Amino acid sequence: MAKSFNTSIKNDITEINNEVIELLDKFRYISSYKRNYRDLTSQKTYTIDDNETIEIDDAISLEKVNEKLKVWVHIASPPAFINYDSALDKLARKRNSSLYLCNKIEYMFPEIIVDKLFSLKEKENRFAISIGAIIEDDGQISSYEVTKSIVKPTYRLNYEDADELLDYV
């Protein structure tokens, strides 16, 4: 029983490692994946996280559309790379989310692909799911859209930086 369990774990790890290598190789050819994604790389995009954060998985952008404010929220999109029911997909579904403990982080995906592929790093193109909403003067959302996108975060802010910026609004 223990031997077959260990063999099964070894096989799973080998399969995951092979997928990670393949993903890192695919990433070099990001331009070939762009055709199904809306290019939002020209927007000024901000991430706001702790200074030590590796898993930067969300960002925001603002734009004026017909004198209205459009707020964009961008969420990192691992499905741009990971096939349904692959070893990495099964691992992510099993873990469900990253787990932040006092002295350790257990990432949903292997740390190398979180860092190299999924994190919305400053000045690097990344795949995202983006939600853009027009905000009326009274704060109501008058329209919204959801799109697969490529974003290029312009600024990486920590919480203190963001707080200072809000003091000027």
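A: A polar contact is a pair of N or O atoms within 3.5 Å, where within protein one atom must be able to donate a hydrogen and the other to accept it, and residues adjacent in sequence count only if both atoms are side-chain atoms. The model is predicted, so local features need pLDDT of at least 70 and side-chain atom pairs count only at pLDDT 80 or more, while totals for chains, interfaces and linings use all residues. Residues are numbered from 1 along each chain as its sequence is written, and side-chain values use heavy atoms, with hydrogens and water left out.

The part to look at is Gln 43, which sits in the loop between β1 (38-39) and β2 (45-48); helices (H or I, at least four residues) and strands (E, at least two) are DSSP runs numbered from the N terminus. Gln 43 counts as buried because its relative accessibility is 10%, where buried means under 20% relative accessible area, exposed over 50%, and partly exposed in between, with a 1.4 Å probe and protein chains only. The side chain of Gln 43 makes a polar contact of 3.1 Å with the side chain of Ser 61. If neighbours within four places in sequence are left aside, Gln 43 is in contact (heavy atoms within 4.5 Å) with Ser 61, Glu 63, Trp 72, His 74, Lys 152 and Thr 154.

Leaving out neighbours within four places in sequence, Ile 48 touches Ile 60, Leu 157, Asn 158, Tyr 159 and Ala 162. Ile 48 and Asp 161 are 113 residues apart in sequence, yet their C-alpha atoms are 8.5 Å apart in space.

Of its 169 residues, 33% are buried, and among contacts between residues at least 6 apart in sequence, 62% join residues at least 24 apart.

In helix α2 (residues 87-95), the buried residues are Ala 87, Leu 88, Asp 89, Leu 91 and Ala 92. Just after α2, Asn 96 takes a positive phi of about 75 degrees. Asp 89 and Arg 93 both lie in α2, four residues apart, about one turn of the helix, and their side chains meet in a salt bridge with 2.7 Å from N to O. Side chains of opposite charge can pair when their charged atoms come close. A salt bridge here is a side-chain nitrogen of Lys or Arg within 4 Å of a carboxyl oxygen of Asp or Glu, and by this rule the count comes to 10 salt bridges. Arg 93 also forms a salt bridge with Asp 85, the closest N and O atoms being 2.9 Å apart. Asp 89 counts as buried at 14% relative accessibility, whereas Arg 93, at 43%, counts as partly exposed, and Asp 85, at 40%, likewise counts as partly exposed.

Another salt bridge joins the side chains of Asp 115 and Lys 121, at 2.9 Å from N to O. Elsewhere, salt bridges that share partners link Arg 38, Lys 70 and Glu 145 into one network.
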